[in-house]
Amino acid sequence: MVEQSFASRAYRDDAVVLRTHKLGEADRIITLLTKHHGQVRAVAKGVRRTSSRFGARLEPFMVADLQLVSGRTLDIVTQAVAKGAYGGSIAADYGRYTVAAAMTETAEKLTDVDGESGTAQYNLLVGALAALSRDEHAAGLILDSYLLRALATGGWAPSFTNCARCGLPGPHTAFAAPLGGMVCSACRPPGSPAPAPETVVLLAALLTGDWATADGSLPVHRREAAGLVAAYLQWHLERVLKSLKHVERS
């Protein structure tokens with residue numbers, strides 16, 4: 001009966017490792033974003049031993065096909081098969097590592113209470129980590145594109161064309177994070193920043209995945225865009241992202 005009960009609680013899912021921390025002498029608690037079960041916290045027993053069968057597959061930024069057993073407070077990882085070995089190449093470069101850390105922290109915050117968008121957030125994060133590990137674009141651009149898309153997936157899509165408050169067709173000259181993006185002169189709150197037109201074009205490109213435009217942007221506009229994305233993220237998460245301050249901006 002015990003074995004049958006154990007088997008009935010087992011399930012399988014793809015997952016990306018968001019965070020780990022030590023438990024006892026040989027175990028780890030793994031925070032996962034799964035494809036079909038949302039955010040999961042699980043114990044990986046013996047994973048810190050050199051003889052562990054799947055230690056390297058459960059490091060941050062790795063994507064794996066996992067078998068888990070549901071528990072009262074923490075699930076248990078019983079099997080792990082690597083699907084996306086992004087951790088090694090990302091960890092080897094400090095710039096990519098800090099960007100990946102900011103992405104996984106964002107994913108953890110966004111999926112902590114929102115289980116409905118879990119699959120979309122999973123697909124978005126895995127795609128961003130894959131692009132980062134292959135150095136497909138500048139790391140900062142990948143990060144800002146991911147952050148904007150993750151917020152949009154969570155229900156906070158910014159507007160960089162029409163006024164975010166009244167819908168008046170743009171382009172507009174003021175950015176207001178509390179109102180949802182670019183706003184017209186009538187809706188502009190006092191003290192709202194006025195980004196360069198090229199920065200607004202870059203933000204729209206990052207949101208829509210127009211990489212030809214994003215890759216051709218200048219560093220000055222990338223830095224300004226990054227500041228606006230960070231402000232928008234902080235407003236909607238209602239907290240400062242700890243890992244974002246370590247990201248190097250060119």
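Author: The largest nonpolar core has 48 residues, and those with the most contacts inside it are Val 16, Met 103, Leu 125, Leu 129, Leu 143, Tyr 146 and Leu 244. A nonpolar core is here a set of buried Ala, Val, Leu, Ile, Met, Phe, Trp, Tyr and Cys residues joined through side-chain atoms within 4.5 Å; buried means under 20% relative accessible area, exposed over 50%, and partly exposed in between (1.4 Å probe, protein chains only). The model is predicted: local features need pLDDT of at least 70 and side-chain atom pairs count only at pLDDT 80 or more, while totals for chains, interfaces and linings use all residues. Residues are numbered from 1 along each chain as its sequence is written, and side-chain values use heavy atoms, with hydrogens and water left out.

At least two residues of this core come from each of E1, H3, helix H4 (118-133), helix H5 (139-153), helix H6 (197-208) and H8. H4 gives the most, with 9 residues. Helices (H or I, at least four residues) and strands (E, at least two) are DSSP runs, numbered from the N terminus.

Val 16 illustrates the packing. Not counting residues up to four places away in sequence, Val 16 touches Thr 31, Leu 32, Leu 33, Phe 61, Met 62, Val 63, Tyr 122, Leu 125, Val 126 and Leu 129, contact meaning heavy atoms within 4.5 Å. A second, separate core of 16 residues includes Val 40, Phe 54, Leu 58 and Leu 66.

Rings of Phe, Tyr and Trp (its six-membered ring) pair if their centres lie within 6.5 Å; planes under 30 degrees apart count as stacked, over 60 as edge-to-face and the rest as tilted. By this rule there are 2 aromatic pairs. In one of them, the ring centres of Phe 61 and Tyr 97 are 5.6 Å apart and the planes stand at 75°, so the pair is edge-to-face. Because Phe 61 lies in the loop between strand E3 (39-44) and strand E4 (63-69) and Tyr 97 in helix H3, the pair ties together parts that are 36 residues apart in sequence. Phe 61 counts as buried, at 3% relative accessibility, whereas Tyr 97 is partly exposed at 39%.

Both partners also line the second largest pocket, together with Leu 18, Arg 19, Thr 20, Pro 60, Ala 101, Thr 104, Glu 105, Glu 108 and Lys 109. A pocket, on a 1 Å grid over the protein atoms alone, is an open set of points where a 1.4 Å probe fits, with protein on both sides within 12 Å along at least five of seven lines; lining residues have an atom within 4 Å of a point. The volume of this pocket is about 200 Å³, a volume being the space filled by probe spheres set on the grid points, which are joined across faces, edges and corners. Strand E1 (10-23) and H3 each supply at least two lining residues, and H3 provides the largest share, 6 residues.

The largest pocket holds about 230 Å³ of space. Of its 12 lining residues, Lys 109, Leu 110, Asp 112, Val 113 and Arg 239 are the closest to its centre. Helix H3 (94-111) and helix H8 (219-237) each contribute at least two residues to this lining, with H3 giving the most, 3 residues.
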